[in-house]
Amino acid sequence: MQVWATTDSNILFVHAFTGPTGEELRAMCRRTIRPNVSIRRGERSLRTEEEALRAPLTSSCERCRVKVAALAAETAAETPAEPAGPRSRDAAELAEVIAAGEAPARFLTVMESMTRTNNTTALSELARQAAALWPHAGDSHNGAPAEFYFLMKRAAGITHLATLTGIARRAAHLWDNTEDAVEVEGRLFLVTPENRSMFADITPAVRPVVGDVVAAIRADAVRHGDTVLGYALDETMPAERVTLRDVTTNAAPYTAMPRTYDRTCGCLGCEQVTTTAGPMVTLATDAHTPWETCDPVPAASLVLVHAGRRAEAAAKAAPFQPGDRVVCGDGQERGVTGMTFRPGEPDRVTVEGGAGWIAADCRKVQPPIRVRAWFSRAVLDGIKEDAARKRAAHRAEFDARKAAERARYGGAEETVERPAVEGAVVAHGGRSAGTAPQHAADADARAAVAALGELELAEVTDETDISAWRGDAGHDPEARGFLVEPRGGGRVAVYWVQGGQHVRPGGEPWARRLRDASEQLSAAGWKVEPTSVRCVFAWRPDAG
């Protein structure tokens, strides 16, 4: 193992160290010199000379450089020539493909395979092939986003399996979803084994992994669905100069939902920047950040983001809006006041009263659907004819049932007109209250009407047919109240009539009204049959 690092006594001078482990590393210029304690403990990643010299005012040991060069030359001289391995064969095959002009077609085949597989080994190999082919693929990759080209360039020099797999997954997604790419002025970074330690403090659920691409972009370029990982320490630093060392990360990143900065918000985050000059943008409101305040930042400052599936996130953003009515997980309907989004947690719906419910357990109450239908005249005539046949069958069944009851309990069909009887309410035009005029003289009917007392009575004529449908002969839409029909031998049938019918439009009985009649008759000493459904069958107290 070889690493360039500073010592504990001089942080501006780097040496080349060799050794099997961090604790056994020794400087090549002098074996008594050891690297700084963070390298020995493995707390910092290993760096090359070029990486170590990036720090300002840093220089390297000349004696170490000389020894490193001599060791490299000696190793090269002693290393025997190896037979052509898989990589050599791949290079030869690539040269043949390019010479034959098949690179564009082969590149498209590789990308199609990349979008269909999830095998780690296969993805890493496909990433190598795509990176080697794309410079020679001509117009076959026209329209691919800049982030895709960045991935192809980086894959060409990487051998780490997990990094190549991550590159392949992102490249395959961008191949089919170009709208999710970072297409703005900024700087892209690939997460590698060397720099992943910078993200060690981030919540594991949203922590970038090896092979992911993160981007330092302007705050006003952040889009819905991006994960905000951190901010540039210098708000004025241009994007082309920024490095990962110039960024401070959020321990608990959040999903961006950018909107216009509202100076009247009143939350702690917005109040702290009210005096900041220049345009501002709110990356997320207090409902979407871990610290429960808005996150307003200067529009031109750089933000480190992990670009997610932007189009998908925008499509499913905030499925419930304030004012919506939802059925929550307990089956109760409530009004929505907002939503809460936390990385690594399920989305929540905030309802009236401040309670939060998991969005997946809530269902929006849909408004009633109104449908306008049009039918031809022939169809309408057919419907009317079918309804007429059904009404005729219903009336025939009703008449047959009445005849059977008369035959069983006695009494004959009254066909002659009876004179008005004192005590019966007979209106002009042959109308009576509580029973038809033809039954006005019947002792059982008169007794039942008297037993109903103050209950509402229906005024009908002899032609009133309470089984008739609206529009049929005999239907009286004004009839409403109780109607008594004698069945003979002290037995009567009491109906509740409303809208001219003794049942509801759907055929159900007027149960509550019939219960009132049953209680009134029972209180008067009448014996009520318990099996009555569409009417009340009752016997006079003195009936045998």
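Me: How many helices and strands are in the chain?
Reply: The chain has 13 helices and 24 strands. The model is predicted.

Me: What share of the residues is buried?
Reply: Of the 544 residues in the chain, 40% are buried.

Me: Let us turn to the core. How many residues are in the largest nonpolar core, and which have the most contacts inside it?
Reply: The largest nonpolar core has 49 residues. Those with the most contacts inside it are F107, M114, F148, L151, L283 and V303.

Me: Which elements give two or more residues to this core?
Reply: The helices are α5 (103-116), α6 (120-133), α7 (146-155) and α8 (161-176). The strands are β5 (186-190), β6 (213-218), β7 (227-232) and β12 (302-306).

Me: Which of them gives the most?
Reply: That is α8, with 7 residues. As background, nonpolar side chains in soluble globular proteins tend to be buried together.

Me: Which residues does V303 touch?
Reply: Leaving out residues up to four places away in sequence, V303 touches A215, A216, I217, A219, V222, V228, G230, Y231 and L283. L283 is, like V303, one of the residues with the most contacts inside the largest core.

Me: What does the second, separate core include?
Reply: The second core has 17 residues, among them A448, V494, W496 and V536.

Me: Back to the helices. At what angle do the axes of α5 and α6 cross?
Reply: The two axes cross at roughly 155° and come within 9 Å. The angle is over 145°, so α5 is roughly antiparallel to α6. The crossing of α5 with α6 is left-handed.

Me: Which residues meet there?
Reply: From α5 come A103, R106, F107, V110, M111, S113 and M114, and they meet L123, L126, A127, Q129, A130 and L133 of α6. By class, this contact has 10 nonpolar, 2 polar and 1 charged residues.

Me: How do α6 and α8 pack?
Reply: Their axes are 8 Å apart, at an angle of about 75°. That angle makes α6 roughly perpendicular to α8.

Me: Which residues does α6 use to meet α8?
Reply: T120, L123, S124, A127 and R128 in α6 meet L161, L164, T165, A168 and R169 in α8. The contact of α6 with α8 divides into 5 nonpolar, 3 polar and 2 charged residues.

Me: Now α7. Which of its residues are buried?
Reply: The buried residues of α7 are E147, F148, F150, L151, M152 and A155.

Me: What covers them?
Reply: The cover includes helices α5, α6 and α8 together with strands β5 and β6.

Me: How do the axes of α7 and α8 cross?
Reply: They come within 10 Å and cross at roughly 155°, which makes α7 roughly antiparallel to α8. This crossing is left-handed.

Me: Which residues of α7 and α8 meet, and how do they divide by class?
Reply: On the α7 side E147, F148, L151, M152 and A155 take part, meeting L164, I167, R170, A171, L174 and W175 of α8. The contact has 9 nonpolar, no polar and 2 charged residues.

Me: A change of topic: the loops. Where does T293 lie?
Reply: T293 lies in the loop between β10 (280-282) and β11 (296-298).

Me: Is T293 buried or exposed?
Reply: T293 has a relative accessible area of 16%, which is under 20%, so T293 is buried. Beyond its neighbours within four places in sequence, T293 contacts C267, L268, G269, T285 and D286. The C-alpha atoms of T293 and C270 are separated by 7.9 Å, although these residues are 23 residues apart along the chain.

Me: And where is H439 placed?
Reply: H439 is in the loop between β19 (431-433) and α12 (443-451). H439 is buried, with a relative accessible area of 10%.

Me: Which residues does H439 touch?
Reply: H439 touches A445 and P486, not counting residues up to four places away in sequence. Between the C-alpha atoms of H439 and V484 the separation is 8.8 Å, and these residues are 45 residues apart along the chain.

Technical notes:
Residues are numbered from 1 along each chain as its sequence is written. This is a predicted model: local features need pLDDT of at least 70, side-chain atom pairs count only at pLDDT 80 or more; totals for chains, interfaces and linings use all residues. Side-chain values use heavy atoms; hydrogens and water are left out. A nonpolar core is a set of buried Ala, Val, Leu, Ile, Met, Phe, Trp, Tyr and Cys residues joined through side-chain atoms within 4.5 Å. Buried means under 20% relative accessible area, exposed over 50%, partly exposed in between (1.4 Å probe, protein chains only). Helices (H or I, at least four residues) and strands (E, at least two) are DSSP runs, numbered from the N terminus. Contact means heavy atoms within 4.5 Å. Axes are lines fitted to C-alpha atoms, for helices over the stretch in contact, and angles run from 0 to 180 degrees between N-to-C directions. Angles under 35 degrees count as roughly parallel, over 145 as roughly antiparallel, 65 to 115 as roughly perpendicular and the rest as oblique. A crossing is left-handed if the near helix is turned anticlockwise from the far one by less than a right angle, and right-handed if clockwise. Ala, Val, Leu, Ile, Met, Phe, Trp, Tyr, Cys and Pro count as nonpolar, Asp, Glu, Lys and Arg as charged, and the others, Gly among them, as polar.
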